[in-house]
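Please look over the model shown here before reading on. The report below takes up its confidence, its strands, its surface and a few contacts in turn.

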Amino acid sequence: NIIESTPISTTLFPTVAYNEIIRNIKKDEDRIIFDLVVDNSKINVFYYGSNTGFHSNEKEVLFAFGARIQIIGDYEKIGEIDTHLGKRPLYYAAGIIT
C-alpha cells in the first residue's frame, strides 16, 4: 500500500501520461504506468475535463492528500522509453485507489 501525503494528479489521456513520464524522468529512475480503479473513495476527487482551451486534452483527475493506492499483482515490464538520459525501463502495474 502507498499512502500519499500530497495530492495525486493523474490524467485520463494516455498521450499526456506518456509525455509526462518522459519529461519528468530523473537519473536512475524507472517509470511506471498505473492502471487505477477507484473503489468507494472517501477522498475528495476533482476532475478537470474541459473540451475547450489550450489544455483541453489533459482530462486531469486530482485526488486529495491521504489517498491510498493498493498495488494488485506484480509490476510488469512492458518496454523501454527513450529519454534525454538514454533508454529507461517502462513498467505497468494495476492498482486500486481509495
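## Terms and basis

A residue is called buried when its relative accessible area is under 20%, exposed when it is over 50%, and partly exposed in between, with a 1.4 Å probe and protein chains only. By that scale phenylalanine 34, with a relative accessible area of 32%, is partly exposed, and this residue lies in strand S3.

This is a predicted model, in which local features need pLDDT of at least 70 and side-chain atom pairs count only at pLDDT 80 or more, while totals for chains, interfaces and linings use all residues. Residues are numbered from 1 along each chain as its sequence is written, and side-chain values use heavy atoms, with hydrogens and water left out.

## Confidence and overall layout

The mean pLDDT of the chain (the predictor's confidence in each residue, from 0 to 100) is 76, and 79% of the residues reach 70 or more. Among the elements of the chain, the lowest mean pLDDT, 66, belongs to strand S1 (residues 2-3), whereas S6 has the highest, 84. Where pLDDT is low, the predicted coordinates should not be read in detail.

The chain has one helix and seven strands, and from the N terminus on the elements run β-β-α-β-β-β-β-β. Helices (H or I, at least four residues) and strands (E, at least two) are DSSP runs, numbered from the N terminus. Of the 98 residues in the chain, 21% are buried.

## Strand pairing

Two strands are said to pair if DSSP finds at least two bridges between them. An open sheet of three strands, with antiparallel pairing, has the order S2-S5-S4. Strand S2 (8-11) and strand S4 (45-48) stand at its edges with a single partner strand each, so one side of each is left without a neighbour in the sheet. From one strand to the next the twist averages 20 degrees, where axes are lines fitted to C-alpha atoms (for helices over the stretch in contact) and angles run from 0 to 180 degrees between N-to-C directions. S4 is joined to strand S5 (residues 60-63) by four bridges, the two running antiparallel, and tyrosine 47 stands opposite valine 61 in S5.

Strand S6 (residues 68-83) and strand S7 (residues 86-97) also pair in the antiparallel sense, over eleven bridges, and a hairpin of two residues joins S6 to S7. The bridge partner of lysine 77 in S7 is tyrosine 91. Glycine 79, which lies in strand S6, counts as partly exposed at 24% relative accessibility, and its C-alpha atom is separated by 6.1 Å from that of proline 89, ten residues apart along the chain.

## The salt bridge

How many salt bridges does a search of the whole structure find? The search finds one, where the term stands for a side-chain nitrogen of Lys or Arg within 4 Å of a carboxyl oxygen of Asp or Glu. Lysine 77 forms a salt bridge with glutamate 80, and their closest N and O atoms are 4.0 Å apart. Lysine 77 is partly exposed at 47% relative accessibility, and glutamate 80 is partly exposed with a relative accessible area of 47%.

## A loop residue

Asparagine 40 has its place in the loop between strand S3 (31-38) and S4, where it is exposed, with a relative accessible area of 68%. Although asparagine 40 and threonine 98 are 58 residues apart in sequence, they are 6.4 Å apart in space, C-alpha to C-alpha.
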